[in-house]
Number of protein chains: 2
Amino acid sequence: MNIEIINIGDELLIGQVVNTNASWMAEQLNLEGFKVHQFTIIGDTREHILDAMWKAGERSEVVLISGGIGPTKDDITKTTLCDFFGTRLVFNEEAYKDIESIFARRGYEVTELNRQQAYLPEDCTGIPNKLGTARGMWFEKDIPVPGRTGKAIYISMPGVPFEMQAMMKEHIIPELKKRFHPKSIYHKTILTQGIGESFLAAIIEKWENNLPPSIKLAYLPQPGIVRLRLTGTGDGEAVVRGLVDEQAEKLSAIIPDYIFGADDDRLEAIVGQLLKEKNCTLGTAESCTGGYIAHLITSIPGSSAYYKGSIIAYDNAVKEQMLGIMPETFLEFGAVSSEVVTEMAIGAQTNLNVDYVIAVSGVAGPGGGTADKPVGTTWIAIATPDEVFSKEYLFGDSRDRNIRRAALQALNLLRKNLLGQE
Amino acid sequence: MNIEIINIGDELLIGQVVNTNASWMAEQLNLEGFKVHQFTIIGDTREHILDAMWKAGERSEVVLISGGIGPTKDDITKTTLCDFFGTRLVFNEEAYKDIESIFARRGYEVTELNRQQAYLPEDCTGIPNKLGTARGMWFEKDIPVPGRTGKAIYISMPGVPFEMQAMMKEHIIPELKKRFHPKSIYHKTILTQGIGESFLAAIIEKWENNLPPSIKLAYLPQPGIVRLRLTGTGDGEAVVRGLVDEQAEKLSAIIPDYIFGADDDRLEAIVGQLLKEKNCTLGTAESCTGGYIAHLITSIPGSSAYYKGSIIAYDNAVKEQMLGIMPETFLEFGAVSSEVVTEMAIGAQTNLNVDYVIAVSGVAGPGGGTADKPVGTTWIAIATPDEVFSKEYLFGDSRDRNIRRAALQALNLLRKNLLGQE
């Protein structure tokens, strides 16, 4: 059984609003084992709505429509729905009472525009909307498709995200589950850092080729991180989950050095959790990353329990003054060097009085590169209670991505050290 | 002339990734006077790609396709394109050289998977990709549609946002403009900080109601910033531009205190420019913003010319040690107070040896709020060569948005001071 989503709204087509409704709907449906076949995003015109509804019904048994209904008068969706289903708008007492009660709660009189919203197509089942004045509408229609039995289901919802979400959770998804009894589906996303998509693909090729047909793999790259998503489908939730977990474990055994977590894990949160478990504190000393590592760490609620602060030493004078780096070290090795980043880590450990320090110095670009140290050259040092070590990396030539890759690499180095991995 | 967008990717259909590519493409096309008719989001299967391409070509003269090309083998888009256009994959020397040079810059050998990317459909024009190994492809095909002359244009791009964006800006949009000569359209976006959307709407209501019909206004709110985009359409670029600029000036006269720039201006870049003009230096002292202000400032290339560094004092001990705040000040006034934030600014000015300092201390949340100082309470101080002043703000209850709003408010306070406005 296929589901399609149609989103109606000019604001989507001019790029003013990002279509989070479709992704939210698709995510919720997938979690329940439904497969979404297509999203179609169209404007607020009669012909386009009719065309999209017809084509969606030919491909899929269930069509979810959001947007195009609401109190403002440019909404032509409802009359178009009547044309499509060969019905007409009639005044619905029950719907009007709902609208009245919403207005009463807000202390207002019902306006004429909102009274109009109680007119609904005669041949639909209304779906209550506790949070707004536009009802959902559930229609069924014969769409002649070879090999298909039964009618296609069309469900129209408002485009306001929280109204649509409440309707989906409380009415639509439960009703679809009763009708269609979907297959079990299970996703697990493995998160890797420090290796590009094509190198990763080469290393895991044999494992990937041996995946059972019920499990699919997708590569989802971001700057500094590649996510590997395993999706299993079949009968019985426990069986599907078991098969996916088994493959995830095999994968972990092949690339243990690159995996830092799964699903919604964030490196900065994992590092924070490890520090809390050890009852240890963290500080940072940043040059080229310019505060981005501190920002990632402090974006986690509760990070003040382990994170003490940072010295962002963009200028060499600040490195000398606040981190105690000797002027000779700059002269002899340059600011982007193992020596300087090591002294930065030690200086921060002392001055911030913390157990662990991440220190970074590099050439983020676009300027500042040399033949010896091109843009992207980055040194990272980690100071621990026992030692200080440093590593050199060569990232790319985009300033934004160099900052992000350096930050994630630095957090992962600390994560591995906290786990005793290197 | 209509344009459609097809996005290929299972990750979109399961809701794991929000489709920002479509909205970005639509926004850029609209800015150039093109109308986007539909977005179609589909999975990575041959039949579905063929069906979507065919239907899009029937509705629209130009079809932009993103996603489904890349080094990993779950990509079947390229062979499907060959089927659709009745052509075959051939090895493209020029494309291979580009791939080699990208790998050489990164210091790697070309892998077999990446070598495969040099195979391109014979009957397409390649579009170079400076940022990745997948080329864009420009096809033209006869799609029999009553009343239409000329071939439909299909352009396939990678789904990686920054690769797609560079291709759109550098090749595809300029080429489409040459072919289709869209109506003159001119946008000017006025950037405001420090006022919410509905308050702004109330202040500028009269001006908005008097806008000429050829000019449209859109509110584009972001945390801490509301952008007001004026779009004029008509014949003759100079005329349209003149009308829009006239309205923008009227608007500026109504809300001078809230406007900080226009179009792609960024507060952190404006502040940097003003500092450069004065030949002055800047440092920061951050508590609740946790490095985000430093990150914004250092995201600007060349910021090392004026930005010296920051002390991120998440912990009070660091505030004492690195910024010289007296323990009594915490005891008497609390960390989120005018007194502490003022001492932070003075301490940073001395220790970082800079002309100007931004200092922030607040309750970002979700924890840490009290009846006196609820979540969102934030003190900002600015130290200048002549004085130190501080202001209190009450932002909302979301940690992420509080951090962002505090950072933008602080940058704007400094901007106004540098301009002698307060």
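**View 1. Strand 14 of chain A pairs with strand 14 of chain B in this predicted model.** The two strands, residues 307-313 in each chain, run antiparallel and are joined by five bridges. Within this pairing, A:Ser310 stands opposite B:Ile312.

**View 2. Chain B is in contact with chain A.** On the chain B side, 63 residues take part, and they meet 60 residues of chain A. The chain B side that touches chain A consists of 29 nonpolar, 25 polar and nine charged residues.

**View 3. A:Met344 and B:Met344 have the most contacts inside the largest nonpolar core.** This core has 137 residues. Leaving aside residues up to four places away in sequence, A:Met344 touches A:Ala285, A:Ala313, A:Lys319, A:Leu323, A:Ile325, A:Ala359, A:Ser361 and A:Ala381. Another core, of 78 residues, lies apart from the largest one. Among its residues are A:Ile6, A:Ala22, A:Ala26 and B:Ile8.

**View 4. Strand 7 of chain A pairs with strand 6 of chain A and with strand 8 of chain A.** Strand 6 (residues 125-127) and strand 7 (residues 136-141) are antiparallel and share three bridges. Here A:Thr125 stands opposite A:Trp138 of strand 7. Strand 7 also runs antiparallel to strand 8 (residues 152-157), with five bridges between them. A:Glu140 has A:Ile153 in strand 8 as its bridge partner.

**View 5. Chain A is assigned domain 1, domain 2 and domain 3.** Domain 1 covers residues 2-180, domain 2 covers 184-262 and domain 3 covers 267-418. Taken over C-alpha atoms, the centres of domain 1 and domain 2 of chain A are 36 Å apart.

Conventions
Residues are numbered from 1 along each chain as its sequence is written. Chains are lettered from A and ligands numbered from 1 in the order in which they are written. This is a predicted model: local features need pLDDT of at least 70, side-chain atom pairs count only at pLDDT 80 or more; totals for chains, interfaces and linings use all residues. A nonpolar core is a set of buried Ala, Val, Leu, Ile, Met, Phe, Trp, Tyr and Cys residues joined through C-beta atoms within 7 Å. A residue is buried if 20 or more other C-beta atoms lie within 10 Å of its own, exposed if 12 or fewer, and partly exposed in between; C-beta atoms are placed from the backbone. Two residues are in contact if their C-beta atoms, placed from the backbone, lie within 7 Å. Two strands pair if DSSP finds at least two bridges between them. Helices (H or I, at least four residues) and strands (E, at least two) are DSSP runs, numbered from the N terminus. Domain bounds come from an automatic or database domain assignment. Ala, Val, Leu, Ile, Met, Phe, Trp, Tyr, Cys and Pro count as nonpolar, Asp, Glu, Lys and Arg as charged, and the others, Gly among them, as polar.
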